[in-house]
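Have a look at the structure first.

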Amino acid sequence: MPALFISDLHLSPERPDITRAFLVFLQHRAAQASALYILGDLFETWIGDDDPAELSVEIQGALRNLTDAGVPLFVQAGNRDFLLGPGFARATGATILADQHIITHYGHRALIMHGDSLCTDDLAYQRFRRYARNPLLQFCFKRLSLVRRQKLAADMRRKSAAANSNKASEIMDVNGEAVAGIMEKHRVITLIHGHTHRPNRHQVASGERIVLGDWHSLGWVLSLDDAGYDLQSFSIATAEQ
Ligand code: LP5
Ligand code: MN
């Protein structure tokens, strides 16, 4: 049974088709997997584990069904859902992984990351990331009312979309030296990440960089078994049937 890797589903009430495709994926492909790894940005935004939003509750229930059926679930934080915490882990049976995590399946050893921390040319983002990952700021944010948090997150989303529209595409991709450095630090020949929404498999000096795709019109899944890695896409429109 393969280990499966996905990321950047950006689940939101605005895209019920992606939610349905994910639920079908969980009930079929993921149910037959040796493990499921979600490498960040599962949700469009996550404002705290106490958010009772219908979608949050539905997805947590579906993930709990997967882990109750015996499939190990591992989740990494993305730049939209880095507030996923112990409440989410308890509700789903997921293990929340650090931003740099080594996996080994079928003799293949790889570093998995969301990938945003490798976009080192994007100075504005790295500055935002330092603020947003500050434990004191997070503590203060999580003590705000849900309504206030929703408004702040929506404002950040608007600011981010506006900033992105003026940014050169290449600075929003991973930096080659950052990739080489992190692969050397962990002594891996395979890096698997998401975030950039540029699905592909790249041969690099250190080995291979595999980029997972975001779920939009296509869904993307990387599988790993004794035959090695296989990055596949599928139509969201047909997957939900
Ligand atoms: O997300 P996306 O795809 O638009 O672009 C990302 C980078 N932007 C972000 C910002 C998020 O979208 C904001 C939403 C997060 C909601 C979660 C809850 C918030 C909890 C806060 C806890 C303290 O990640 C974007 C990159 C792009 O990826 C490509 O890599 O370029 O980065 C930017 O655009 C940086 C800009 O400077 C935008 C900053 C917007 C937020 C400013 C708010 C200031 C107050 C922050 C205090 C924490
Ligand atoms: Mn991301």
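What follows takes the sheet, the salt bridges and the aromatic pairs in turn.

## The model and its sheet

Keep in mind that this is a predicted model. Six strands make up an open sheet with mixed pairing, and the order across it runs S4-S3-S2-S1-S10-S11. The edge positions go to strand S4 (95-97) and strand S11 (228-235); each has a single partner strand, so one side of each has no neighbour in the sheet. From one strand to the next, the twist averages 25°.

Zooming in on one pairing, strand S2 (residues 35-38) and strand S3 (residues 73-76) run in the parallel sense and share three bridges. If you want a landmark there, Ile38 sits opposite Val75 in S3.

## Salt bridges

How many salt bridges does the count come to? The total is 13. A handy one to begin with is Asp68 with Arg64, where the closest N and O atoms are 3.1 Å apart. Both belong to helix H2 (residues 54-68), and because they are four residues apart, about one helical turn separates them. Asp68 is exposed at 55% relative accessibility, while Arg64 is partly exposed at 28%.

Next up is Asp173 with Arg198, with 3.5 Å between the closest N and O atoms. This one links distant parts of the chain: Asp173 is in the loop between helix H6 (146-165) and helix H7 (176-186), Arg198 is in the loop between strand S7 (190-193) and strand S8 (200-204), and the two are 25 residues apart. Is Asp173 buried or exposed? At 17% relative accessibility it counts as buried, because the cut-off for buried is under 20%. Arg198, with a relative accessible area of 28%, is partly exposed.

Then there's Glu208 with Arg201, whose closest N and O atoms are 2.6 Å apart. Glu208 is buried, with a relative accessible area of 11%, and Arg201 comes out as partly exposed at 33%. Elsewhere in the list, salt bridges with shared partners join Asp99, Asp116, Arg129 and Arg133 into one network.

## Aromatic pairs

On to the rings, where the count comes to 10 aromatic pairs. One of them is Phe43 with Phe88, an edge-to-face pair at 6.4 Å centre to centre with 90° between the planes. Phe43 lies in the loop between S2 and H2, and Phe88 in helix H3 (residues 86-92), so the pair ties together parts that are 45 residues apart in sequence. Phe43 is buried at 1% relative accessibility, and Phe88 is buried at 0%.

Trp215 and Phe234 make another pair: the ring centres are 5.2 Å apart and the planes stand at 90°, so this is edge-to-face. Trp215 is buried, with a relative accessible area of 2%, whereas Phe234 is partly exposed at 22%.

How values were computed. Residues are numbered from 1 along each chain as its sequence is written. Chains are lettered from A and ligands numbered from 1 in the order in which they are written. This is a predicted model: local features need pLDDT of at least 70, side-chain atom pairs count only at pLDDT 80 or more; totals for chains, interfaces and linings use all residues. Side-chain values use heavy atoms; hydrogens and water are left out. A salt bridge is a side-chain nitrogen of Lys or Arg within 4 Å of a carboxyl oxygen of Asp or Glu. Buried means under 20% relative accessible area, exposed over 50%, partly exposed in between (1.4 Å probe, protein chains only). Two strands pair if DSSP finds at least two bridges between them. Axes are lines fitted to C-alpha atoms, for helices over the stretch in contact, and angles run from 0 to 180 degrees between N-to-C directions. Rings of Phe, Tyr and Trp (its six-membered ring) pair if their centres lie within 6.5 Å; planes under 30 degrees apart count as stacked, over 60 as edge-to-face and the rest as tilted.
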